[in-house]
Amino acid sequence: MLTISMSRRNLLTSAAVAAAVAAGFGLDQKLAFVSAAHAETPLEPTTGFYKYKVGSIEVTAVYDGIWRKPHDPTFIKNASVEETKAALANAGLTTDFMPIPLTVIVLKIGDKHVMVDAGSGVGQWQANATHLPANMQAAGIDRSQISTILVSHFHPDHVWGLMEKGTNAAVFPNAELIVNGAEYKWWTEPGRVEKLAEGRRAAGRRIADVFPTWKNWKLVEDNAEVAPGVRILSAVGHTPGHSAFLVTSGKDQLMVSNDTMYVPALLAPHPEWEGVYDQDGPEAVATRGKLIDRVIADKMMICGAHFPFPGAGVFAKDGNAYTFTPVVQS
Ligand SMILES: [Zn+2]
């Protein structure tokens with residue numbers, strides 16, 4: 001059973017879109033509209049995995065965990081902590097801290113298991129993000145079945161799951177690791193580590209030392225077909241080679257947006273906000289607008305790595321901004 005949660009403000013603008021998208025995805029059509037006045041969006045899922053369909057492709061959303069990030073005035077470059085708290089409250093989220101959950105998806109295409117990003121490596125990113133392996137098992141997916149990993153970008157929460165803690169041994173030595181060549185080259189080019197901000201150097205050093213020693217990378221260009229029915233789409237700004245993935249099966253499409261729209265509670269009403277982790281803020285803002293406009297025009301469902309679990313929903317236009325209607329577990 002799938003419920004789409006709506007705040008009162010966006011109820012009218014996106015109810016029709018949500019219903020149309022839900023019907024298209026074979027979701028329960030008796031949608032329950034939960035007003036923000038009645039329910040705070042839960043932070044931790046009741047069950048750590050969630051399955052839905054895109055045409056004949058089965059999507060399994062697998063919960064890794066959450067970063068309860070203390071409020072920090074630098075988190076959004078052009079907004080105050082008070083403004084970010086107000087945005088969280090409007091979305092029915094806690095304002096005690098900045099909630100940054102992490103969800104990984106696995107696509108079952110025919111008998112092939114394709115994972116998008118590798119999670120944060122069992123506590124290597126945040127102490128509360130350790131759940132991916134157990135939740136994947138619970139969803140009936142053995143990690144040895146993963147034949148392809150589509151990598152959106154090289155930030156720790158997306159790639160530390162490729163490496164064992166301590167030894168840096170490959171967790172998926174037999175899977176094909178597909179990434180936009182621009183992302184790979186930027187992080188591994190000679191002299192890169194020294195050019196990074198000091199706080200990023202340890203992560204950059206780990207990437208530069210370990211990734212080039214692996215033989216299972218496949219570097220691709222924008223718009224390449226990276227799995228049956230899946231195309232890589234350049235979505236730069238967050239990082240120089242950050243990518244989204246467009247999943248198509250029959251008439252259904254899912255935009256796997258990764259970190260383009262990382263916390264929709266903030267960026268749907270304020271798409272112009274620049275996050276501290278957006279390496280090129282203005283470029284990230286432009287990419288965000290383009291991607292969300294496309295998702296709305298084509299009436300697609302969208303998922304994101306840091307959306308509330310199970311990490312999917314729909315957007316609608318709201319003046320110069322957007323409303324976001326998340327899918328919620330029930
Ligand atoms: Zn991220």
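Good morning. I begin with a detail of the pairing: Ile105 has Val116, in strand 5, as its bridge partner. The model under discussion is a predicted one, in which local features need pLDDT of at least 70, side-chain atom pairs count only at pLDDT 80 or more, and totals for chains, interfaces and linings use all residues. Residues are numbered from 1 along each chain as its sequence is written, and side-chain values use heavy atoms, with hydrogens and water left out.

Let me place that bridge in its surroundings. Strand 4 and strand 5 (residues 112-116) run antiparallel and are joined by 5 bridges. Two strands are taken to pair if DSSP finds at least two bridges between them. In the hairpin that strand 4 and strand 5 form, 2 residues lie between the strands, and Gly110 adopts a positive phi near 60°.

Strand 4 also pairs with strand 3 (residues 57-69), in the antiparallel sense and over 11 bridges. One of the residues involved is Lys69, whose bridge partner in strand 4 is Met98. How many of the 12 residues of strand 4 are buried? The count is 11, over residues 98-109, so the strand is mostly covered, where buried means under 20% relative accessible area, exposed over 50%, and partly exposed in between (1.4 Å probe, protein chains only).

The last topic is salt bridges. The criterion is a side-chain nitrogen of Lys or Arg within 4 Å of a carboxyl oxygen of Asp or Glu. By this rule the model contains 11 salt bridges.

Lys51 and Glu58 form one of them, at 3.7 Å from N to O. Lys51 is partly exposed at 33% relative accessible area, and Glu58 is partly exposed at 25%.

Which parts of the chain does the pair of Lys77 and Glu274 link? The closest N and O atoms of these two residues are 3.4 Å apart. Lys77 sits in the loop between strand 3 and helix 2 (81-90), and Glu274 in the loop between helix 8 (264-267) and helix 9 (281-297), with 197 residues separating them. Lys77 counts as exposed at 57% relative accessibility, whereas Glu274 counts as buried at 17%.

Finally, Asp209 and Arg205 form a salt bridge with closest N and O atoms 3.6 Å apart. Both lie in helix 7 (residues 201-210), 4 residues apart, about one turn of the helix. Asp209 is partly exposed at 45%, as is Arg205 at 37%. Thank you.
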